[in-house]
Amino acid sequence: MSKERGKLPKDRLNPILTSMERDRPHLENLVGELIRCYPTYIEDGSGIRAAQSIVRRELTSLGFRVEEVHMPEDAIKNHQLYTHVENWGPQFENYSPEKHVTLLGELHVDDNAPTLVLNGHVDVEPVFDPEAWKDPTLWKSGTAEGDKIHGRGAADMLGGVAGMLFALKHVLSSSEKPKFNILFHSVADEEIGGNGTLKAILKGPKADWALIAEPTELTINQASLGFHHFRAETTGTPVHMSQASEGQSAIDVAFDVYQRLNGLRRTLKKSIASEPGYENSDINPLVTGRIAGGKDPAVPAEHTTLEGVLFSAPSQTRKDIQNLLDETIASDPPLNASLTLSGMSFDGAISSDRTVPDALIRAAKSLNVSLEERGFPSPCDMRLYTTTGTPTTIFGPGSLAQAHSTDEFTSRDGLFLFSQIIANFLMDFSKTAEANSK
Ligand SMILES: [Zn+2]
């Protein structure tokens, strides 16, 4: 193992790895504590507030200056990257971007040094059916057994948040201090569009690189997919059934639309598979979720709606997708229907800057671990950083297959390895930072 230590001299690395090993219970307790807050976005925000007070406690003890990010609602609501959650229906009508706490932690080293932001979201997906878990108390337990830490958010992404805090703790208590500025964006509302990260970005300062610890199973992800709701509306002609000709019912038109959506699915699949990191992707990029229409079994339906979601390739914009939807309906023969983006619509993201991924690869190599690269098979807050000019890498513990799922867990060893790699990465990054100082 020591032969491979490469860029990081053994004597610098060993003490940190040893102290991390000894302090491993701190990491696991931290994840458990965060899980037990149940910081879901659908409640009154008290769970998120509780989780953020834990993050604040940790960051403050490391010497970070920590503030809650507040800004006038108009300032954020008029921003082009704002997600209008309040328009998503009755469940969200009281939504305000100020409701859920987002924290901005800052460790300022030098005005001339570059800045790295570490991003983690503390909001978790709600648990609607605890009885479906193998033990009905497991979702809020945060208990560690075998190689698993159980509970909602263990994978997505309280494990990543805790792992980064734990790595910082050990690097900052070592004799060698980082020679770059570090921001910690501990955000809310990622699961509902990213307004927490947007607030933190707008508050500033601007970072030169971002690292997001979403669950990637310790693979490096330099791209994320786009995600869009769509709605097809079809129109028929209501006449007496004896007068109805074939295809006159809106339901007939809906079936035609559905056939063409299958074609669109193949087109999207091809576009996604053509981009770096997605060559082996087996994602189904188009899902239909709701169909409604018609009133009377004996009358050709006048109207139907067919709704679903689709994934777009990292480089495809909303406009590209809208054009594809238009072509789907207009192609010969044109259908008596419309197909539009509706509700949530997020672009994908791509980052070509190799600074952070290469440093992560070196850091992992010093632990005899080689890191694979993939594309992130979901949208996330990456697009908010890349759109505002900050190259971004997604790299985290846990699996996206566990995210939002019943019996969600994260691997204990995977989480610990993640924190070791991040610690090595932070140590190594001072050299990169010096080369990039202003
Ligand atoms: Zn997530």
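**Close-up 1. Pairing of strands β5 and β16.** Strand β5 (residues 148-150) and β16 are paired in the antiparallel sense over three bridges; strands are DSSP runs of E of at least two residues, numbered from the N terminus, and two strands pair if DSSP finds at least two bridges between them. His150 has Phe409 in β16 as its bridge partner. This is a predicted model, in which local features need pLDDT of at least 70 and side-chain atom pairs count only at pLDDT 80 or more, while totals for chains, interfaces and linings use all residues. Residues are numbered from 1 along each chain as its sequence is written.

**Close-up 2. The open sheet β4-β5-β16.** Three strands, in the order β4-β5-β16, form an open sheet with antiparallel pairing. Its edge strands are β4 (144-145) and β16 (409-411), each of which pairs on one side only.

**Close-up 3. Strand β2 and its partners.** Strand β1 (residues 65-68) is joined to β2 by four bridges, and the two run antiparallel. Here Glu68 stands opposite Leu103 in β2. β2 also pairs with strand β6 (residues 181-187) in the antiparallel sense, over five bridges. Within β6, Leu183 is the bridge partner of Glu106.

Close-up 4. Strand β2 (residues 103-107) is largely enclosed by the rest of the structure, because four of its five residues are buried. A residue is buried if 20 or more other C-beta atoms, placed from the backbone, lie within 10 Å of its own. In a regular strand, side chains alternate between the two faces of the sheet.

Terms used:
A residue is buried if 20 or more other C-beta atoms lie within 10 Å of its own, exposed if 12 or fewer, and partly exposed in between; C-beta atoms are placed from the backbone.
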